[in-house]
Amino acid sequence: MKISVVTLFPELYKPFFSTSLINRAREKRIIDTHVYNLFSYAQPKERIDGPTFGHGAGMVIKPEIIEKVVMDIQGHHGSAFKIFFSPRGKKLDQRLLSKLYNRMQKQEKEHLMLLPARYEGMDARIETEYADEIISIGDYVLMGGDLPAMVFLEGLLRFVPAMVGKSESVEQDSFSGPFVDYPEYTAPVTWKGHEVPELLRSGNHKAIADWRQQEAARQTVLHHFDWLRGYPQYTPEQELLIQKNIPAHYVVLMHSEVLVAEDKVSTKVGTTSVTSLDIHDIARSCTTYGIKNYFIVTPLIDQQAIVKTLLGFWQEGPGISYNNYRHEALSHVILETNLENVIAQITQREGKAPVLIATAAKKGTHRGSITFFDQEKIWATGRPVLLVLGTGRGLTPELIERCDYRLAPIEGFSSFNHLSVRSAAAVLFDRWLGKNKKTE
Ligand SMILES: C[S@@+](CC[C@H](N)C(=O)[O-])C[C@H]1O[C@@H](n2cnc3c(N)ncnc32)[C@H](O)[C@@H]1O
């Protein structure tokens, strides 16, 4: 593969191209690298950049100079697959690297041209005209595109056969599948009091392979859940490992310890009535997202009677044959008189008290404010999770305060914020636990 880089700082690439695997690949003629100094394409006293149109600080690289470079280099090395770098670009990850490598193969492009910018970047028309892809290496801004170009190359070149010694080490790389790589160890067996797990020294290949899969899944669930949930497909074994490594989740819908309307403007602490829609729909959502049980809390005898009748029909009565899916969803619903009993049941079953996460439609302060990106923080506790949902005008401030955490409200880009609890529950479960596949 021919690689040409167009840069304002060619000296940055000397150590990069003459070190380690990249140097070895050059020596073996697996890759052939060329670095071009953009300044050398300018006439004496000609500037390669100009001030940006409209008000704004900074200079922008001119289109004609890039045209000159591109035409010249392609004249020498043939038509190129051209990559530009910008924080505005597509975020680089292993999947994008693999897709770009395959695209190059498909287009039979043997020539890769990298065009890292400096200053405020390139005139936007250059990218429109030439870019096969614009890459960002993350949501931060560097002084220039040279480090992004090197990051991109280090990642892409791992796909080139013969570049890395063993192809299986590339196939098992983190992010090549849904999971990150498993932890690895070498001698000594004990170092600073930390031991290499005994199983890895047992010589039992099957047990070692299982341990590695489990560790890879555990670490991915805990530290890279957004990557995992975005992965396009899992094998049934991977799906089971993921399920096993997500901590047990429970939901409680409170009909006591909630605020109810006192008059048109004020609220008071009170109780609410149960609704069959909430029982049905939240049960179906819970089952969809693998939530173990859905507790309905009401201290009111008449309300309990309504729930018992409904559950009786679906859990043990004619509902089983009438609609088996409903039966399945509703078989996870449990009626309770208060929150303490719910906590006690979960603690008994899981051997650990649950972490309580309060939900509220309004913003509020809490010692444990969390967002929908904080699964890692909660799951690292190793405890089961109880999501606490309110009815009426929401959970009382006292109950929210008793919970360990308060989850950020669900909001859209509008000023209306009046979701029903069953709608909020569905959105919440999806944001917290759902798959969110990326096709790109
Ligand atoms: C100082 S930056 C330009 C920043 C520009 N004002 C912006 O916010 O997008 C100069 C050049 O560095 C490169 N660069 C900086 N950060 C980058 C990132 N996160 N990913 C890819 N390229 C980056 C790009 O080539 C960019 O045009």
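Residues are numbered from 1 along each chain as its sequence is written, and side-chain values use heavy atoms, with hydrogens and water left out. Because the model is predicted, local features need pLDDT of at least 70 and side-chain atom pairs count only at pLDDT 80 or more, whereas totals for chains, interfaces and linings use all residues.

A backbone N or O atom of Leu142 lies 2.9 Å from a ligand nitrogen atom, and one of Gly138 lies 3.1 Å from a nitrogen atom of the ligand. For Gly145, a backbone N or O atom is found 3.3 Å from an oxygen atom of the ligand. Of the 580 Å² of accessible area that the ligand has on its own, the protein covers 84% (Shrake-Rupley method, 1.4 Å probe). Helices (H or I, at least four residues) and strands (E, at least two) are DSSP runs, numbered from the N terminus.

Elsewhere, the axes of helix H8 (residues 205-223) and helix H10 (residues 236-245) come within 9 Å and cross at roughly 55 degrees. Axes are lines fitted to C-alpha atoms, for helices over the stretch in contact, and angles run from 0 to 180 degrees between N-to-C directions. H8 and H10 are therefore oblique to each other, a class that remains once angles under 35 degrees (roughly parallel), over 145 (roughly antiparallel) and 65 to 115 (roughly perpendicular) are set aside. The crossing of H8 past H10 is right-handed, the near helix being turned clockwise from the far one by less than a right angle.

Most residues other than glycine have a negative phi, and most peptide bonds are trans. Ala162, in the loop between helix H6 (146-157) and H7, has a positive phi of about 75 degrees although it is not a glycine. Ala187 and Pro188 are joined by a cis peptide bond, with omega about 0 degrees; Pro188 is placed in the loop between helix H7 (167-171) and strand E8 (190-191).

Key:
Polar contact = N/O pair within 3.5 Å; in protein donor to acceptor, adjacent residues only side chain to side chain.
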